[in-house]
Amino acid sequence: MGSDHTDRKAETQGIALSKQLCAKSLGHDLWRLQDIDGHWDQLKLRSFATIGGQRRAYQDGTLSAMRPPHDLIARYGSGLAPGTVMYCGTLGAIGGIRPAVRFEMELEDPVLSRTLKQAYDINILPVVS
């Protein structure tokens with residue numbers, strides 16, 4: 001799992017720019033697509049954001065709300081080379097998108113009883129001219 005974190009202020013100038021300005025957090029553990037393909041829609045995605053000193057639920061739902069990986073790969077065209085990472089989208093933010101100082105995410109596989117977790121801290125830099 002990973003986060004395609006963006007700079008919201010820079011996003012007003014360009015989405016590609018906002019994505020290029022932020023590091024992308026990737027977890028260290030993986031699941032083989034073939035191991036979860038049959039129950040993709042049952043996987044549970046949750047995230048938490050630390051906002052105003054409090055850890056708050058930020059996203060919660062199943063992957064049934066997202067496009068399945070085979071659909072995304074087919075839309076890519078030529079297929080993906082081994083070792084390629086593709087983000088599959090995300091769920092809507094509970095209460096809307098807002099700045100935070102920490103982001104935690106987890107993907108639960110209730111069928112195989114396992115969970116992937118990843119977290120990162122956000123350093124908000126001052127705008128200087």
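Colleague: Which residues are in contact with Met-66, once its neighbours within four places in sequence are left aside?

Modeller: In this predicted model, Met-66 is in contact with Trp-40, Cys-88, Gly-89, Thr-90 and Leu-91 when those neighbours are left aside. Met-66 also belongs to the largest nonpolar core, whose ten residues include Trp-40 and Leu-91.

Colleague: What makes a set such as the one with Trp-31, Ile-36 and Leu-116 a nonpolar core?

Modeller: The name is used because each member is a buried residue of a nonpolar kind, joined to the set through side-chain atoms within 4.5 Å. The largest such set holds ten residues, among them Trp-31, Ile-36, Leu-43, Leu-63, Leu-107 and Leu-116. Apart from this core lies another, of eight residues, including Ala-49, Phe-103, Met-105 and Ile-122. In soluble globular proteins, nonpolar side chains tend to be buried together.

Colleague: Why is Gln-59 called buried?

Modeller: Gln-59 has a relative accessible area of 8%, and buried means under 20%, so the value of 8% places Gln-59 in the buried class. Gln-59 is found in strand β4, which covers residues 54-62, and, leaving aside its neighbours within four places in sequence, Gln-59 is in contact with residues including Leu-45, Arg-46, Gly-92, Ile-94 and Phe-103.

Colleague: How do you know that the side chain of Gln-59 makes a polar contact with the side chain of Ser-47?

Modeller: The distance given for that pair is 2.7 Å, and the cut-off for a pair of N or O atoms is 3.5 Å, with one atom able to donate a hydrogen and the other to accept it; the pair therefore counts as a polar contact. The side chain of Gln-59 also reaches the backbone oxygen of Leu-91, at 2.6 Å.

Colleague: How many helices and strands does the chain have, and in which order do they run?

Modeller: The chain has four helices and six strands, and from the N terminus on the elements run β-α-α-β-α-β-β-α-β-β. Buried residues make up 29% of the 129 residues in the chain.

Terms used: Residues numbered from 1 in each chain as written. Predicted model: local features only at pLDDT ≥ 70, side-chain atom pairs only at ≥ 80, totals over all residues. Heavy atoms only, no water. Helix = DSSP H or I, 4+ residues; strand = E, 2+ residues; numbered from the N terminus. Buried < 20%, exposed > 50% of the residue type's maximum accessible area, 1.4 Å probe, protein only. Contact = heavy atoms within 4.5 Å.
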